[in-house]
Amino acid sequence: MDEVDKQIINHLQGGFPVCDSPYQVVADQLGLTETGLISRIKALLESGVLSRFGPLYHAEQMGGALTLAAVKTPEAEFDQVAEIINAFPEVAHNYQRNHELNMWFVIATDVPERLTEVIQEIEQQTGLSVYNMPKINEYFVGLNLKA
Amino acid sequence: MIDAIDRQLIELLQQGLPLVSRPYAVIGATLNLSENEVLQRLSVLKEMGVIKRLGVIVNHRRLGYKANAMVVFDIADSLVEQIGGHVSQFSFVNLCYQRPRQGEQWPYNLYCMIHGKNREKVLQQLAHLIESCGLRQYHHEVLFSKQCFKQRGALYQALPEQEKV
């Protein structure tokens with residue numbers, strides 16, 4: 001990853017244009033050619049520096065539901081529980097954190113009722129209580145990380 | 001409201017924007033829409049907030065952001081909105097939410113994410129935040145992530161309209 005890649009990452013975290021030739025617009029802003037920009041984005045996706053290139057949706061606006069959930073998993077069962085939880089296609093991220101509540105995951109579903117079902121199914125399959133912490137208010141979402 | 005075509009568009013876009021000169025024309029061709037119609041629909045979806053942002057999602061670990069802290073505070077309910085707004089002004093706070101307390105075992109209601117290159121730096125930033133926002137009186141905990149098992153965007157399917165509530 002060189003300086004140009006970093007510029008591309010920083011620029012695209014701010015958004016991508018909706019117009020007929022969006023790569024050309026961004027390439028002009030960065031002093032690159034359109035094909036040069038496209039091939040660099042492709043390489044960054046292939047190497048995994050970029051995990052996605054596309055839209056970030058607002059689950060509730062789409063009629064779906066989203067929550068942050070956590071379980072207290074005994075250390076000995078950790079991998080097994082992670083496997084059960086990650087097998088749900090509705091589970092978007094899952095992080096181990098250094099706390100008694102040691103597994104934290106995001107559940108996103110197409111319809112709100114499915115969220116309740118997923119939580120119940122996880123509780124049944126793991127035998128653990130799921131802490132359900134949907135957002136009440138969002139003060140800030142601007143996850144831009146400088147490359 | 002979003003219609004069945006919007007849902008198809010949303011489902012298709014989740015696979016990523018095509019890496020070609022006219023990406024929206026390619027998406028349109030798959031859905032039997034003109035490039036112009038795709039552009040119009042996307043603009044409306046952005047305006048409505050269904051699409052929060054179009055762009056890249058970085059793998060923060062690959063960019064060197066290895067210390068990912070979730071900081072949780074127990075703030076008086078009457079002050080959480082004001083403090084949440086204040087905390088969000090700091091550039092190193094990447095996300096900030098109010099969430100429901102979970103009884104005595106987990107009394108926290110304000111969540112802030114701080115992503116940094118190392119733990120020391122994140123803890124310094126947190127100390128600065130606590131000092132600047134007058135949060136010393138509120139109980140807090142810092143949960144660093146140890147391992148990421150799964151990281152991807154949520155997937156949405158284009159459900160037929162009649163199945164939507």
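# A walk around chains A and B

Start by selecting A:Glu113, A:Glu117, A:Gln120 and A:Gln124: these exposed residues sit on the face of helix H5(A) that is turned away from the helix's buried side.

Residues are numbered from 1 along each chain as its sequence is written, and chains are lettered from A and ligands numbered from 1 in the order in which they are written. Helices (H or I, at least four residues) and strands (E, at least two) are DSSP runs, numbered from the N terminus.

**Stop 1: helix H5 of chain A**

Now show the whole of H5(A), residues 112-126. This helix has 15 residues and spans 22 Å from first C-alpha to last, close to the expected 21 Å; the expectation is 1.5 Å times one less than the number of residues. Which residues of H5(A) are buried? Pick out A:Leu115, A:Val118 and A:Ile122. Look down the axis of H5(A) and its buried residues fall within an arc of 60 degrees, so they line one face of the helix. The arc is that of the directions from the helix axis to the C-beta atoms.

What covers those buried residues? Among the elements of chain A over them are strand S2 (65-71), helix H4 (78-86) and strand S4 (103-109). Just after the helix, click A:Gly127, which has a positive phi of about 75 degrees.

**Stop 2: chain B at a glance**

Switch to chain B, with its five helices and five strands. Trace chain B along the sequence and the pattern reads α-α-α-β-β-α-β-β-α-β. Of its 165 residues, 32% count as buried. Take the contacts in chain B between residues at least 6 apart in sequence, and 60% of them join residues at least 24 apart. A contact means that the two C-beta atoms, placed from the backbone, lie within 7 Å.

**Stop 3: where the chains meet**

Select the contact between the chains: 67 residues come from chain B and 64 residues from chain A. On the chain B side, the elements supplying at least two residues each include H1 (4-13), H2 (23-31), H3 (35-48) and S5 (140-151). S5(B) gives the most, with 10 residues. By class, this side of chain B has 34 nonpolar, 20 polar and 13 charged residues. Nonpolar covers Ala, Val, Leu, Ile, Met, Phe, Trp, Tyr, Cys and Pro; charged covers Asp, Glu, Lys and Arg; the others, Gly among them, are polar.

Next, zoom in on the two S1 strands. S1 of chain A (residues 50-57) and S1(B) run antiparallel, joined by seven bridges; strands pair if DSSP finds at least two bridges between them. Look for A:Gly54 opposite B:Gly55, then for A:Tyr57 opposite B:Ile51. S1(B) is mostly covered, with six of its eight residues buried.

**Stop 4: two residues of chain B**

Select B:Leu17, in the loop between H1 and H2 of chain B. Is B:Leu17 buried or exposed? B:Leu17 is buried, because 21 other C-beta atoms lie within 10 Å. Not counting residues up to four places away in sequence, B:Leu17 touches A:Phe53, A:Gly54 and B:Pro23.

Then try B:Ile2, in the segment before H1 of chain B. B:Ile2 is partly exposed, with 18 other C-beta atoms within 10 Å. Leaving aside neighbours within four places in sequence, its contacts are A:Met62, B:Arg7 and B:Val50.

**Last stop: colour by confidence**

Colour by pLDDT, the predictor's confidence in each residue, from 0 to 100. Chain A has a mean of 91, with 95% of its residues at 70 or more. Chain B averages 87, with 88% of its residues scoring at least 70. Within chain B, confidence is lowest in S5(B), at a mean of 81, and highest in H2(B), at 96. Over residues 153-165 of chain B the pLDDT is below 50, and beyond near neighbours in sequence this stretch has 30 contacts in the model. Where pLDDT is low, the predicted coordinates should not be read in detail. For the complex, the predictor gives an ipTM of 0.77 and a pTM of 0.77.

Notes
Predicted model: local features only at pLDDT ≥ 70, side-chain atom pairs only at ≥ 80, totals over all residues. Buried ≥ 20, exposed ≤ 12 C-beta atoms within 10 Å, placed from the backbone.
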